[in-house]
Amino acid sequence: MMVYVYLGLAIVAEVIATSALKASNEFTRLWPSVLVLVGYAMAFYMLTLVLRTLPVGIAYAFWAGLGIVLITLIGILVYGETLDLPAILGLAMIIGGVVVIQVFSKVSTH
């Protein structure tokens with residue numbers, strides 16, 4: 001079960017780092033830039049812990065897929081970005097893919 005704690009931490013760290021990446025203004029602002037570096041370092045470290053248990057493809061599918069969805073929500077809520085229907089459908093397919101892997105795949109740990 002710890003694998004999912006590590007995966008969750010990896011996703012949260014990556015989402016924080018990516019959000020700070022936009023706020024860093026091309027690395028011209030110190031604290032958002034520091035947050036980018038620390039966040040990505042933590043995300044990748046946590047991902048290495050996940051790879052002890054999960055296959056790399058499955059771990060990356062969760063990490064990237066959920067990260068995309070969360071970053072999109074932050075873009076909407078924090079940066080006022082908008083989505084069109086194809087973007088919403090694409091995000092729904094990403095979520096669906098993660099759910100299919102988790103529920104039906106035998107390579108994902110349960």
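Select α2 and show side chains: Pro 32, Ser 33, Val 36, Gly 39, Ala 43, Met 46, Leu 47, Leu 49 and Val 50 are buried (under 20% relative accessible area, 1.4 Å probe, protein chains only). Helices here are DSSP runs of H or I, at least four residues, numbered from the N terminus. The cover over the buried residues of α2 includes α1 and α3, counting contact as heavy atoms within 4.5 Å. End to end, α2 reaches 30 Å between its first and last C-alpha over 21 residues. That is close to the expected 30 Å (1.5 Å times one less than the number of residues).

This is a predicted model, with local features requiring pLDDT of at least 70, side-chain atom pairs pLDDT 80 or more, and totals for chains, interfaces and linings using all residues. Numbering runs from 1 along each chain as its sequence is written, and side-chain values use heavy atoms, without hydrogens and water.

Next, select α3, residues 56–79. Its 24 residues reach 32 Å, close to the 34 Å expected. Buried residues of α3 include Phe 62, Trp 63 and Val 69. Among the elements covering the buried residues of α3 are α1 (2–23), α2 (30–50) and α4 (85–104). Step past the end of α3 to Gly 80, where phi is positive, near 70 degrees.

Now switch to the surface. Which helix gives the largest share of the nonpolar patch? α3 does, with 6 residues. α3 and α4 each supply at least two. Finish on Leu 89, in α4: Leu 89 is partly exposed, at 46% relative accessible area.

Conventions:
Buried means under 20% relative accessible area, exposed over 50%, partly exposed in between (1.4 Å probe, protein chains only).
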